[in-house]
Amino acid sequence: MVGTSAGAFSGLFGVGGGTVIVPLLIIFFGYGERLATGTSLAAIVVIALLATALQGAYGNVHVGTGLLLSIPAVGGVIAGTALQQRLPQRAISLLFALLLVIVAVELIVR
């Protein structure tokens with residue numbers, strides 16, 4: 001169920017890992033936020049490769065832009081992971097929930 005949901009959301013919206021897998025691992029499997037995040041990242045590697053290939057087959061991938069986006073993302077991953085290890089798990093949950101609410105409101109307002 002978790003993997004199928006993540007795959008469907010990845011194919012439909014380009015999301016799946018953080019927005020689907022992490023909450024479902026926490027709710028259904030009792031994972032802590034840190035374990036759910038790391039496990040989600042491992043799954044995202046496979047999901048992203050397949051989703052990129054399929055979207056690319058439809059001409060929906062701009063490889064150059066994707067590669068340019070990945071350069072600063074590496075620094076963000078390093079900083080975000082270091083920060084996550086220093087925050088209480090409850091704070092991580094609340095920040096993540098806040099992010100999802102902000103994104104939801106932005107999508108509705110647009």
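What share of the contacts in the protein chain between residues at least 6 apart in sequence join residues at least 24 apart? The share is 44%, where contact means heavy atoms within 4.5 Å. This is a predicted model, in which local features need pLDDT of at least 70 and side-chain atom pairs count only at pLDDT 80 or more, while totals for chains, interfaces and linings use all residues. Residues are numbered from 1 along each chain as its sequence is written, and side-chain values use heavy atoms, with hydrogens and water left out.

**Overall build**

- The protein chain has 5 helices and 0 strands. Both are DSSP runs, numbered from the N terminus: helices are H or I with at least four residues, strands are E with at least two.
- In sequence order the pattern reads α-α-α-α-α.
- The C-alpha trace spans about 40 × 35 × 30 Å along its principal axes.
- The chain has 110 residues, and 15% of them count as buried. Buried means under 20% relative accessible area, exposed means over 50%, and partly exposed lies in between (1.4 Å probe, protein chains only).
- The accessible surface of the chain is about 7800 Å². Carbon and sulfur atoms account for 75% of that surface. These areas come from the Shrake-Rupley method with a 1.4 Å probe; for residues, only the protein chains shown count as cover.

**The nonpolar core**

- The largest nonpolar core holds 8 residues: Val2, Ala6, Val20, Ile21, Val22, Leu24, Leu25 and Ala36. Such a core is a set of buried Ala, Val, Leu, Ile, Met, Phe, Trp, Tyr and Cys residues joined through side-chain atoms within 4.5 Å.
- Helix H1 (2-13) and helix H2 (17-29) each supply at least two residues of this core.
- H2 gives the largest share, 5 residues.
- Leucine 25 sits in helix H2. Its relative accessibility is 7%, so leucine 25 counts as buried.
- Beyond four places in sequence, leucine 25 touches Val2, Gly30, Tyr31, Ala36, Thr39 and Ser40.
- Leucine 25 and serine 40 are 15 residues apart along the chain, and their C-alpha atoms are separated by 8.5 Å.
- Leucine 24, also listed in the core, touches Val2, Ser5 and Phe29, not counting residues up to four places away in sequence.

**Helix H3**

- Helix H3 covers residues 33-57 and includes threonine 39.
- Threonine 39 has a relative accessible area of 31%, so it is partly exposed.
- Leaving out residues up to four places away in sequence, threonine 39 touches Leu25 and Tyr31.
- Threonine 39 and isoleucine 102 are 63 residues apart in sequence, and 24 Å apart in space from C-alpha to C-alpha.
- Alanine 43 is also in helix H3. Its relative accessibility is 30%, which means that alanine 43 counts as partly exposed.

**Charged residues**

- The structure holds 1 salt bridge. A salt bridge is a side-chain nitrogen of Lys or Arg within 4 Å of a carboxyl oxygen of Asp or Glu.
- It joins the side chains of glutamate 106 and arginine 110, at 3.1 Å from N to O.
- Glutamate 106 is partly exposed, with a relative accessible area of 39%. Arginine 110 is exposed, at 76%.
- Glutamate 33, in helix H3, is buried yet has no salt bridge.
- The nearest side chain of opposite charge to glutamate 33 is arginine 90, 6.1 Å away. Lys and Arg count as positive and Asp and Glu as negative; His and the chain ends are not counted.
- Apart from neighbours within four places in sequence, glutamate 33 is in contact with Ile26, Gln84, Gln89, Ile92 and Ser93.

**Surface**

- Met1, Ile27, Phe28 and Phe29 make a nonpolar surface patch of about 510 Å². Patches are made of residues with over 30% relative accessible area and no salt bridge: like charges are joined within 9 Å, nonpolar side chains (Val, Leu, Ile, Met, Phe, Trp, Tyr) within 5 Å.
- Isoleucine 27 lies in helix H2. It is exposed, with a relative accessible area of 61%.
- Leucine 99 is in helix H5, residues 89-109. Leucine 99 counts as partly exposed, at 46% relative accessibility.
- Leucine 99 and phenylalanine 13 are 86 residues apart in sequence and 17 Å apart in space, C-alpha to C-alpha.
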